Amino acid sequence: MQAIRILVGSVYGGALMSARAVEKTLTPLGYRVTVLEEPQLSDITDNNDALLVCTSTTGQGELPSNILQFYVDLRDQLPQQPGRPFGSIVLGDSSYGDTFCGAGELIEEVLYETSARKVGDTLRIDAMETMEPEIEAAEWAQEWVKQLKTHT
């Protein structure tokens, strides 16, 4: 059974609901999914589970406060994660222009610096187009885990 840790960054609950929908979709498929609502660096340094970032974007392309300290610690300490697979689901609002889904870009950038390996394309969910991001996230996750299997 493959383990997946979902690192959640959420303000109003959309990203958390999306992470829970992914968990409900993947668990029956045989994955051991852990949803981390307040991720800490130790959540990734004591295991080799695949990572899935599921975060909303705040303000001008920033990370929500509940994942910000994880990001800062990851950026400052850069614990090497060579080859560790990760994927990203990012919620944003395209009316913000250049900062649309900026939180995802921030976290992906620092994961690359740890030598983690991105699997699949980032799912960018636009609040201007999608009223139920959790449905889109769950569907995307089913395809993502297929790619995860071929890359492990």
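Predicted model: local features only at pLDDT ≥ 70, side-chain atom pairs only at ≥ 80, totals over all residues.

Trainee: How many residues does α5 have, and how far does it reach?
Mentor: Helix α5, residues 133-150, has 18 residues and reaches 26 Å from first C-alpha to last. That is close to the 26 Å expected at 1.5 Å a residue, where the expected span is 1.5 Å times one less than the number of residues. Helices here are DSSP runs of H or I with at least four residues, strands are runs of E with at least two, and both are numbered from the N terminus.

Trainee: Which residues of α5 are buried?
Mentor: Among them are Pro-133, Glu-134, Trp-140, Trp-144 and Leu-148. Buried means under 20% relative accessible area, exposed over 50%, and partly exposed in between, with a 1.4 Å probe and protein chains only.

Trainee: And what do they pack against?
Mentor: The buried residues of α5 pack against β1, α1, β3, β4 and β6. Trp-144, for one, touches Ile-4, Leu-52 and Phe-86, among others beyond four places in sequence; contact means heavy atoms within 4.5 Å.

Trainee: How many residues are in the largest nonpolar core?
Mentor: That core has 24 residues, and Ile-4, Val-22, Ile-89 and Trp-144 are among those with the most contacts inside it. α5 gives the most to this core, with 6 residues. A nonpolar core is a set of buried Ala, Val, Leu, Ile, Met, Phe, Trp, Tyr and Cys residues joined through side-chain atoms within 4.5 Å.

Trainee: Switching topic: where is Gln-81?
Mentor: Gln-81 sits in the loop between α3 (65-77) and β4 (85-92).

Trainee: Buried or exposed, that Gln-81?
Mentor: Gln-81 is buried, with a relative accessible area of 8%. Leaving aside neighbours within four places in sequence, its contacts include Ile-44, Thr-45 and Ser-115.

Trainee: What follows α4, by the way?
Mentor: Ser-115 follows α4, and its phi is positive, near 75 degrees.

Trainee: Which elements cover the buried residues of α4?
Mentor: The cover includes β3, α3, β4 and β5 (117-118). The buried residues of α4 include Ile-107, Glu-108 and Leu-111.

Conventions:
Residues numbered from 1 in each chain as written. Heavy atoms only, no water.
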